[in-house]
Amino acid sequence: MTPKTNHNNTIIKELPKNFFSGFVVSLIALPLGLGLAIASDAPPISGIIAAIVGGVVVAILGGSHVTITGPGNGLVIVLLGAITTLGAGDLYQGYLFTLAAIVISGILMLLLGFLKMGRLADFFPASAIEGMLAAIGWGIFAKQFHIMIGHNNEHGSIVKLLAQIPNGLVDLIQNGSIEEMVAAGIGIISLLIMIFYSKLRNPYFQLIPAPMWILILSVGFSYSFGWLRLPFPMDSSYLISIPENVLSNLAFPDFSKILQTDFIVSVFAITLIASIESLLSIKAVDKLDSQSRRSNVNKDLKALGLATSLSGLVGGLNVVTVIARSSVNVNNGATNRSANLFHASFLVVFILLFQEQLKKIPLAALAAILVYTGYKLATPKTFRKVAKIGKEQIVIFLITLLTTLFTNLITGISVGILSTMVIHMIINKSSLLFLANVFKPNVLLFQEHEEKTYYISVKYFCSFLNFYRLKNKLDAVPEDQNVIIDFSVCSFVDHTVMEGLENYMDTFSKKGGSIEIVGLDKHGADSKHPFAIRKILPLETLKPIEKYFTRRQASLKATALEYDWSYEAKKSIKTKFLSNFIFFKTREISYFYNKLIDEKDNCSVFDVEFTEGAFVAKEVVKTTIMYVALPHQLPIFSLDKEGLLERIYKLAGFKDISIKNHPDFNRRFFLSGEKKTEIQALFHDDLIFFLESNPYYHVESNGNSLLILKKERLLSVQEIKAMIYFGQQLQKLLKHSLVV
Amino acid sequence: MSLNNPFKTVLFGFAFSPTLKINIMETSRIAHFFGAKLILLHVGSKSDQKERQIHEILSHVEHKNLEISIEWKTGKPDEVLLETCQSSGIDLLILGALQHENLYQFYVGSIARKLTRKVCCSVLLLIKPSKERVPCKHVVVNGLEDQETPFAISNAFYVSHALGAKQLTIVEEIRQKEIAVNIEDDKSLKRVTILKEKLKNREDSRIRKILKSIPKEYLKDLKIKTQSIFGKRGYSIGHYAEVVRADLLVMNAPKKTGVLDRIFPHDIEYILSDLPTDLLIVRKTN
């Protein structure tokens with residue numbers, strides 16, 4: 001069977017699953033599409049058009065697998081701004097101008113895709129993006145809260161709207177009309193449904209998503225008046241308006257403002273936010289994908305751009321990739337893009353079949369859905385999460401949030417980026433570190449010879465400004481490989497990078513590979529959070545190392561538990577027991593730390609820092625070694641590869657020793673020592689086979705203990721485990737040879 | 001290609017700085033290892049006191065049979081050095097360099113840069129000269145696909161041999177440009193991985209060809225390794241040398257650079273602005 005037919009077969013086999021998940025998503029997409037459009041002050045149908053056009057175009061041309069596309073909540077604030085400013089009071093005219101802006105922004109997104117700007121979202125600091133999203137959440141919340149309680153005509157800035165909420169509530173209770181009261185009742189009940197939906201564990205109730213329940217109940221509510229022959233207590237201004245015939249009442253963009261400044265600003269803002277929201281969502285959905293496939297972001301960006309333009313041409317809003325609907329899609333078993341297409345098809349069906357019913361949907365019900373969505377973007381939990389990472393992160397977050405609330409999104413995110421840069425400079429007390437090195441390629445990748453591990457070394461600093469370089473390298477490594485990222489020559493690593501690397505680690509471990517970070521032990525951190533900023537401390541020796549727990553240290557601790565060993569992170573300068581190894585004759589040991597101890601077998605593994613050379617030529621080296629204390633005496637010997645350290649051993653009076661009948665061993669290893677016959681007796685056949693068949697380690701005996709060393713750099717936890725295994729086997733074999 | 005002593009005359013331009021003694025000890029040692037004649041050149045006026053000082057230092061030089069001559073010239077340092085290299089048939093120019101350039105040191109750095117770009121012979125930039133001998137253990141040389149590369153590699157072998165290095169690593173920088181496929185999804189990643197493997201093999205066989213032309217005596221006692229790295233050309237090799245803690249980095253001379261290249265630094269410029277190790281830039285003397 002060729003792979004091609006195989007591929008087609010799976011698609012057909014998986015169609016029912018995707019059909020079902022597409023259906024479930026459409027149940028959410030319908031209320032959300034209507035709601036997001038209303039929240040942007042655009043006709044409700046425009047949100048549905050965006051979802052339909054997006055679903056069809058991106059399903060056919062996109063580069064992602066299980067994403068859902070449609071109108072996005074990030075864009076609500078931008079679109080609302082565009083419609084109000086461009087329309088100058090006339091909302092419908094503003095909507096037509098905004099459609100033109102949407103068409104052009106679609107073309108720009110298409111261009112971004114062709115220019116391979118899928119990287120765009122990488123240039124924003126994580127906390128600034130969090131701040132921006134929180135501001136968007138508040139924006140949606142502020143406006144929709146008033147509609148939810150029946151006050152349809154509140155306008156003004158986000159801050160003003162937020163401030164009016166208490167007044168609005170008081171006003172509703174004191175002198176609300178019946179219509180307002182009914183609307184508020186529907187709104188508040190809807191909100192309660194949104195809040196308590198996830199807490200109700202009834203499987204039948206859970207079959208239909210919460211937003212759809214709200215639509216069904218509120219439409220049912222208005223029909224019940226008809227059945228009871230009572231006058232409906234709300235006029236059409238409290239209900240959504242949908243044109244009689246959707247197909248013949250399409251709105252078309254008005255391009256007459258195309259050269260004006262506020263039009264261009266709007267296009268810019270729409271493109272920026274739409275791209276960021278889509279790119280972030282695509283990345284996030286890739287993580288959810290059960291098959292952990294990698295999306296082609298540039299291809300997706302092109303498809304989204306085209307979809308946006310087409311949607312704008314027929315009166316729809318922007319098409320972006322949306323995280324909430326996509327995750328529902330994944331949770332309901334979607335496996336490929338056809339789910340997106342099905343979601344769009346169901347929306348068409350709903351619009352054509354249920355036109356009458358849709359007109360009965362109260363605005364307050366949709367507003368309640370949006371209030372909940374907005375709140376979700378800026379819960380107190382979000383604040384706590386950011387604050388935990390570090391003081392500077394909450395500062396960046398709040399600066400971005402407040403600037404966005406008081407000005408607009410573009411200014412907000414720009415100020416967020418700027419303040420992040422300034423804060424980084426203040427933390428490092430240096431602007432030169434950033435200014436001088438930002439354009440330098442700071443990442444080196446190579447594959448090590450023996451184990452085929454990928455080794456990445458990062459220099460200078462690594463922050464959101466140049467994280468893309470590291471990402472480029474990481475993207476080029478197949479995810480089933482082992483990677484070691486060494487930050488020991490990098491003086492500053494920021495939160496965006498730490499969080500980004502965490503995502504990579506997830507992907508790699510899912511696909512059978514691994515990423516480990518080494519060389520951060522010397523970096524200070526403000527908090528114990530794994531994503532906290534890390535920077536090299538000039539006075540690091542003054543501070544206890546265990547204060548800044550790195551992930552590597554945490555996993556060393558776990559390893560110790562696993563082996564029933566004990567672990568001590570503390571630095572110790574009691575290094576005398578190492579000094580009679582020849583290896584350390586010419587090297588001065590400063591201290592060791594991260595010690596794993598096995599009391600039973602007298603083994604330990606630890607990181608050690610030593611210096612080579614003296615004065616100007618002095619170099620500080622950190623490496624991981626294993627130390628095995630032996631219960632018996634052993635001849636002094638050293639086993640080395642091809643005589644790299646030959647010179648020192650010659651100086652120590654060692655002679656080259658060859659083992660009879662093992663030419664291969666003699667060629668590959670350099671065994672030396674003083675007591676030739678004793679050493680030859682020690683290296684029995686089993687031991688030699690063991691050494692030949694295992695990866696190379698430098699082994700040295702000082703008479704009563706062994707020193708095992710792999711590389712002149714810190715080892716990853718995986719490598720440490722391998723070394724422990726090697727050491728234990730070696731210890732057994734040596735014991736055996738002495739018994740013999 | 002004669003490998004027998006490519007560096008017959010070595011020039012060192014000195015200034016009366018606190019590091020003068022260390023610099024002279026180091027350069028005389030290098031000249032001795034290369035079996036070369038050492039010319040010390042001072043750009044500036046000659047005075048009795050200066051002369052006494054330099055002779056005092058020279059009396060400490062370990063290798064007494066080394067042929068040393070001192071010259072005094074006036075003019076702009078870089079121009080004089082360039083001119084002397086031409087007129088005296090210099091094979092190797094030794095310069096003291098600062099490891100990291102900052103804005104204050106930029107002027108000093110720019111002299112070294114200017115010289116490196118314009119000079120007609122090979123240049124050795126020393127970042128950490130020392131009074132006592134620090135053995136050179138590990139030499140890293142570039143293996144770029146370039147017509148100058150075989151020459152640079154053979155020089156690297158000569159130098160490793162002369163300085164008694166233990167290991168020589170030939171670094172092949174595989175450029176992003178050669179991997180024409182963009183990694184966008186799983187499929188393209190697979191293609192790129194295969195392509196990289198191919199490139200690696202191609203590079204390896206190219207290097208092996210070059211190695212054939214190296215005299216056997218230079219290969220003795222020397223561990224030779226090849227390593228493919230992925231990164232920015234010219235820059236990444238410096239980063240690699242730093243990571244493996246090499247003692248000397250050997251590179252091809254940069255091609256004649258235009259105005260654009262200076263605005264957008266590339267290749268050797270990166271290494272010059274942030275020297276990881278001692279650096280030997282090999283250039284054929286005509």
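This is a predicted model: local features need pLDDT of at least 70, side-chain atom pairs count only at pLDDT 80 or more; totals for chains, interfaces and linings use all residues.
Figure 1. A residue is called buried if 20 or more other C-beta atoms lie within 10 Å of its own, exposed if 12 or fewer do, and partly exposed in between, with C-beta atoms placed from the backbone. The buried residues of α8(B) are Ser236(B), Ile237(B), Gly238(B), His239(B), Tyr240(B), Ala241(B) and Val243(B). After α8(B) comes Arg245(B), which has a positive phi near 50°. Helices (H or I, at least four residues) and strands (E, at least two) are DSSP runs, numbered from the N terminus. Residues are numbered from 1 along each chain as its sequence is written, while chains are lettered from A and ligands numbered from 1 in the order in which they are written. Local features need pLDDT of at least 70, side-chain atom pairs count only at pLDDT 80 or more, and totals for chains, interfaces and linings use all residues.

**Figure 2. Val139(B) and the largest nonpolar core.** A nonpolar core is a set of buried Ala, Val, Leu, Ile, Met, Phe, Trp, Tyr and Cys residues joined through C-beta atoms within 7 Å. The largest such core holds 275 residues, and those that touch the most other members are Ala368(A), Val10(B), Leu93(B), Val139(B) and Val250(B). Helix α5 of chain A (residues 126–148) supplies the largest share of this core, 15 residues. Two residues are in contact if their C-beta atoms, placed from the backbone, lie within 7 Å. With neighbours within four places in sequence left aside, the contacts of Val139(B) include Ala156(B), Val159(B), Ser160(B), Ala165(B) and Leu168(B). Ala246(B), Asp247(B), Leu248(B) and Val250(B) are also in contact with Val139(B). Chain B has 10 helices and 10 strands, and 42% of its 286 residues count as buried.

**Figure 3. The crossing of helices α3 and α5 in chain A.** Helix α3 (residues 74–87) packs against α5(A) at an angle of about 65°, and the two axes are 8 Å apart. Axes are lines fitted to C-alpha atoms, for helices over the stretch in contact, and angles run from 0 to 180 degrees between N-to-C directions. The crossing of α3(A) with α5(A) is left-handed, a term used if the near helix is turned anticlockwise from the far one by less than a right angle. On α3(A) the contact involves Gly74(A), Val76(A) and Ile77(A), and on α5(A) it involves Ile136(A), Gly139(A) and Ile140(A). By class, this contact has 4 nonpolar, 2 polar and no charged residues. Ala, Val, Leu, Ile, Met, Phe, Trp, Tyr, Cys and Pro count as nonpolar, Asp, Glu, Lys and Arg as charged, and the others, Gly among them, as polar.

**Figure 4. His151(A) in a loop of chain A.** His151(A) lies in the loop between α5 and α6 (158–175) of chain A. His151(A) counts as buried because it has 20 C-beta neighbours inside 10 Å. Residues up to four places away in sequence not counted, His151(A) touches His146(A) and Gly168(A). Along the chain, His151(A) and Ala135(A) are 16 residues apart, and 22 Å separate their C-alpha atoms.

**Figure 5. Thr271(A) in helix α9 of chain A.** Helix α9 (residues 261–288) contains Thr271(A). Thr271(A) has 25 C-beta neighbours inside 10 Å and therefore counts as buried. Apart from neighbours within four places in sequence, Thr271(A) is in contact with Ser105(A), Leu108(A) and Met109(A).

**Figure 6. Helix α11 of chain A and the residue after it.** Among residues 323–331, which form helix α11, Ile323(A), Arg325(A), Ser326(A), Val328(A), Asn329(A) and Val330(A) are buried. Just after α11(A), Gly333(A) has a positive phi of about 90°.

**Figure 7. Domains 2 and 3 of chain A.** Chain A is divided into domain 1 (17–387), domain 2 (436–519) and domain 3 (562–739), with bounds from an automatic or database domain assignment. The centres of domains 2 and 3, taken over C-alpha atoms, are 29 Å apart. In this view 10 residues of domain 2 are in contact with 8 residues of domain 3. On the domain 2 side, the elements that give two or more residues are β6 (482–486) and β8 (514–518). The residues of that side divide into 2 nonpolar, 4 polar and 4 charged.
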